[in-house]
Structure formats: structure tokens, C-alpha cells
Amino acid sequence: MADTLLETSVRQENGTAVIELKGEIDKLSEDALNRAYAQATQMKPASVLLNFKNVEYINSTGIALIVTLMAQARKSGVKFIAAGLSDHYMEIFKITRLSDFMTIYPDEATALKSK
Amino acid sequence: MANWFNNFFRREKAAAAPAPVLRSSRALVPAVDISPDDPVIAHFQNSPGVIELEKLNLDSPGVRAMKSAGVKVVVPLVSQGELVGLLNLGPRLSEQDYSTDDYGLLNTLATQASPALRVAQLVRQQQAAALARERMEQELRVARLIQQTLLPKQVPDIPGYQIAVLYQPARAVGGDFYDFIELPEGRFALIVGDVTDKGVPAALVMATTRAILRGAATRFSDPGEVLAHVNDLLCPDIPPNMFVTCLYAVLDPRAGTIKFANAGHDLPYRRIDGGVNELRATGMPLGLLPGMTYEEKETTLNDGETILFYSDGIVEAHNPEKEMFGFPRLMGLVAGHRGGAALIEYLQNELRKFTGADWEQEDDVTMMTLTRTSIPNGHSKSAGARKESQTLAQFSLPSQPGNERDAMKRVAEALQPLQLPSARLEKLKTAVAEATMNALEHGNKYRAELPVNIIVMASDDDVTVKISDQGGDAEMPTPETPDIDAKLAGLQSPRGWGLFLIKNLVDEMNVTTDQQQHTVELILRRKED
């Protein structure tokens, strides 16, 4: 398998599964991202939070991967939350209308507090 | 009565034509050659009348040869002091000696035959000269025909531009040529060239060069690459001591840009407001050495500006004082004229004034003007605004996964001096990455040997990035408009965001396809609207 430039870590905070992402989300990240999401859902959380604070690059394939996760979450009735998006990727989430189907917070702390 | 041999020759022709040869109607004796510097020639010329060879005491190879060929008596045929032939006689068939009467008869014969022979020789010379002239004329006709058949019948009609050409061949037909080639994306190649040498050889090399150029023009989009390719193909086949100078320019009518490369041809002049400048790019003439590279330059033709392409026929024209027309004069005349197609007629008149009426044109004269008459497609700007587009970077990437990051990085580096607002730059970077990824994956199918070519250009207002792949033979798929609702409901593939993103990140996206490649052009205003 080609080396992914994405590192993931998953933990639980008060019923929210937090997936911290570091690096790049593109075609090569598929397995890493899916594994992290599977790990998160095993925690039976009410919501899944993707922290993009340390993500430098998301391309259109990365968007597709995120959409796939969003579709899964929707199916299983899990709330989808994003935090830590840069202005640029915030804009891209708006352009693609991903932002209409998730709750977006500026950072993880704010997201967890708002619950 | 006698074996007599008639012998035509003219001394001054002896070096080129065969030396005097004895010919026998009955072929009794072998032919005899007399060298033009043999002393006997002078002797014959100065001694009219019958000569008995036995009595001739002269150290002459010619005399020895004649003797051994059986010649007994020689009668020089002299006309107006010039030796035009010899009457050579072998022994009398009766084996008796020649009598005085015989000599008298021979002298009379020689006196009458000499002028007649001279006339015959002159007539023959005239015929030969006429034949040679005819052959040369024929050759020139062929050369002219080749040249004129291959030159474009008309100039292209490009909205917003005016092209004019003067092609004035010399009588000897030099090797000038010019051509227009319609390229993908509405671009046009403008070519002016000159083959060294004249006549049929030059015309043939010109025809070959033109054919190779036409092939290369459709294969390569960069003028430098075109010339390098033509040079490599021409080198093995061009006759020694011949070469071709050539200026190859590509006009992008929409952008108003001219990309050009030059293989040793005279530098074009650009008539600008208040002066003239040269379009300079370096490169060796075609056909001299393989493996040459050609510098490539780009410039923008502004509204009202004219570029003059020309051949050396005008600058190397001489006046009766043997003075050359020269580059400074030409440059000065261009600077002093208002430009446009009228420039050609103006220069033609100036050339005529310079050379005088009796000028025997030494070489072909070719002039081509390209004038921007208006800025098409509503791109016109407020008065005084100039849109000078500059190439900041140009590079190729092999089609390997992940190379879109390289593209993004290098485009960002190239744009660094412009200090774009970071939000704008980020948008462009993502658009570049997406377009490059499409080119690598869909256009070139990740075949590493196929390049993705990227050009970064900037004007005062815009940044343009052009990304080309080699997948022009396949239609570019029309993307589904991504429907996030359908995607989330699993009714549409989660993918298919690339083109949609690009379109929404830049101010303008143009996609063009030709037989070779797809090109995606991304245009971003430098400032937020």
C-alpha cells in the first residue's frame, strides 16, 4: 500500500468520538480515514467530530472520502461535526455545500463546549 | 582520292571542350589529341598553306602523334587569324606523292572551308549557349513554381488583427518562404524563413523545411520545441553548406500574446508607440548541427502595434554606390512610420528609392506585418491601460500520482513575487492541483512518460495558469453536477468534485481540446472584485 500522508488518532470525549487528523486527505488516505472512522463508531458515539486543525491539504478525492463518511454517519444517525478548518477549506466546504450537512466549529474546544 | 580528316577546334575552348581530335570518315587511323599548349598550334596558326609533316622540324607531341597516326599532309584552316581546324591527309591511295596541283587544290579548299567552318562553329556555339540558357530558365521556372506553389495563397483572417505580406522573388529565385499554420485553440503560427543558396536546390530544401515545420507545428506547442525538432530532422538530409534561417512565432489572438523562437533569422521589429524594438531570441540556423535548443520568448502585442517580420533581401540590398540598405536604416524607417499593413508599401518604396530604378534585385525580399487592430471579445480596457502578459514559469511533470502537489508548489513559487492575497493564492493552488490531477489521471492515465505541461503567466490584472495533458484524442467527460444530497443519500458517487471545485475557485476556466491535448486555462484576478 502506498504511504499515506495522513495520521489519525481517535478518542472519546463525553459521548463524542473525536478523530484528530494530521497531514493530507487525498486518495491515499482512504484506508487510514475509514479505519479511524470505524474505530470511532465502535465507541457508539452520539456524534463524530473531525478535527482538521493539522490538515494541510484536502483534494477533491479527500472531499469524496469525507462525503462517504458523512453518508455513513447519516445512515446510522450519528451527528457529524467538523472543527479546526482553515479559512480556505472552510470556503471549500461551503462551495461544495458540505457545510450544510454538518456542524462546523472554529476549533475542537468550542465544539465540545457547545454540546 | 585521299584519306582526309576534318578537325574542328577552337583554342580558347580547348581547356573545357575536348582537345582537337582527328576523326576519320573511314576510321583508318586512331583519333589524335593535340594539347592546346602544343607549339604546333602556334605554328599552324601562323603558317597558312599546305604543310608536309615529314618536313616539319618541331618538338611537338602533337606532330609525333599525327605522324604515327599516318598523317602526311596538314592544311591549317585559319579564319580571321584564328586557327579553326585542320585538314589532315594520309598517304594518297595511289601511293604516289602529293603533287603541286594537289597542294593548289588543298589550299583553295582550305581558303573556302575556313570561313564556312568558322560560321558552322559559331552557329553551333550559339545553339549550345541557347540550350544552356533555356535549361537555366527552365530550372528557374521549376524553382519559382516550387516556391510559389508552396507559399500560402492567402493570409489568415484573424478578428482583431491584420496580416499583410510582400513576397518579391529575385530573378534567380532565392530561398525565402513564409507560412501560416492554424493551430488549436485559435492560435496561429507565423513563419518567415530563408534557405541559403538559390534556384532549384534552395527551393527543394525550402519545400522540405516547410513540410517538416508543418508537421512539428501540430505536434509541439512551444516554438522552441518546434524549431529544435525541425533542426534535428533537417540535419541528416540537408546538402552540405546549406542551412535555413527561420523565425517561428505563435499568436494567441485572444490573449494578444506572441510566443516566438528564432533559428538565426533577422530579428523582427515591433513598432510601438513612440519607437521600435527588436524581438530577440537566440538560436542557430536549422540544418547545421543536431541537438540545438532554441530560446523562447513571449511578448504581448498591444492595440495598434505592428510587428514586422522580414528576410535579409531588404537589408542586404545595395544601391549603385555599393552601399547596403542595412538594419539601422530599416529600424529607423519602421520607427518613423505609423505601422499597420501600409508599412510594407512604405518600405517597398523606400527600398526602390534607395536602390534606384535599374536595380537588379540580388535576393528575394519578403516582408510580413502583423498588426493588432483592436482588442477582441470585449476585453478592451480603459484608455491607457496596458495588458502586458508575462510568463513567470513553464514546466513539465511526468504523469505519476501525487505530482499535482509539485504543480501546486511550483505555481505558488512562481507567483510568489506577485504577493497575491493569501486567500486568492490558496484558491488558485487548489484549482491547479485539481486540474493537474485530472490531467495526470484522466488525460495521461498516469503514464509516466506523458508530460503534463504547465505555464504560469501574469498581467497587471490577472494570473493565468495553463495545464495541458496529452489526452486530446479522448473527449473530456462532461462532469455531473455534484449533488450533495444525492451523494449523502448514496444515490450518486461520492466523487466528481474536481471540475466543480475548479470552476468555483477561479474567476474563469476555459477548457480546450485538440487532437493532441486538453488544456485547462485557469484565470484568477489578482485582486478581490
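This is a predicted model: local features need pLDDT of at least 70, side-chain atom pairs count only at pLDDT 80 or more; totals for chains, interfaces and linings use all residues.

Colleague: How do α4(B) and α5(B) lie to each other, oblique or roughly parallel?

Modeller: The axes (lines fitted to C-alpha atoms, for helices over the stretch in contact, with angles from 0 to 180 degrees between N-to-C directions) of helix α4 (residues 199-219) and helix α5 (residues 223-234) of chain B come within 9 Å and cross at roughly 135°. Angles under 35 degrees count as roughly parallel, over 145 as roughly antiparallel, 65 to 115 as roughly perpendicular and the rest as oblique. The orientation of α4(B) and α5(B) is therefore oblique.

Colleague: Is the crossing of α4(B) and α5(B) left-handed or right-handed?

Modeller: Residues are numbered from 1 along each chain as its sequence is written, and chains are lettered from A and ligands numbered from 1 in the order in which they are written. A crossing is left-handed if the near helix is turned anticlockwise from the far one by less than a right angle, and right-handed if clockwise. Where α4(B) passes α5(B), the crossing is right-handed.

Colleague: How many nonpolar residues does the contact of α4(B) with α5(B) have?

Modeller: Ala, Val, Leu, Ile, Met, Phe, Trp, Tyr, Cys and Pro count as nonpolar, Asp, Glu, Lys and Arg as charged, and the others, Gly among them, as polar. The contact of α4(B) with α5(B) has no charged residues and two polar ones, and its nonpolar residues number eight.

Colleague: How do α10(B) and α12(B) lie to each other, roughly antiparallel or roughly parallel?

Modeller: The axes of α10(B) and α12(B) come within 9 Å, crossing at roughly 150°. That angle makes the pair roughly antiparallel.

Colleague: Which residues of α12(B) meet α10(B)?

Modeller: The crossing of these helices, α10(B) and α12(B), is left-handed. On the α10(B) side, the contact involves B:K427, B:T430, B:A431, B:E434, B:A435, B:M437 and B:N438, and on the α12(B) side B:G498, B:L501, B:I502 and B:L505.

Colleague: Which helix supplies the largest share of the side of chain B that touches chain A?

Modeller: The contact between the chains takes 18 residues from chain A and 16 residues from chain B. On the side of chain B, α10 (422-443), α11 (484-488) and α12 (498-505) each supply at least two residues. By class, this side has eight nonpolar, four polar and four charged residues. The largest share, six residues, comes from α10(B).

Colleague: In what order do the elements of chain A run from the N terminus?

Modeller: Helices (H or I, at least four residues) and strands (E, at least two) are DSSP runs, numbered from the N terminus. Chain A has four helices and five strands. Their order is β-β-α-β-α-β-α-β-α.

Colleague: Is B:Q80 buried or exposed?

Modeller: B:Q80 lies in the loop between β4 (73-79) and β5 (82-92) of chain B, and its phi is near 50°, a positive value in a residue other than glycine. A residue is buried if 20 or more other C-beta atoms, placed from the backbone, lie within 10 Å of its own, exposed if 12 or fewer, and partly exposed in between. With 8 other C-beta atoms within 10 Å, B:Q80 is exposed.

Colleague: What share of the 115 residues in chain A is buried?

Modeller: In chain B, which has 529 residues, buried residues make up 37%. In chain A, the buried share is 43%.

Note on methods
Two residues are in contact if their C-beta atoms, placed from the backbone, lie within 7 Å.
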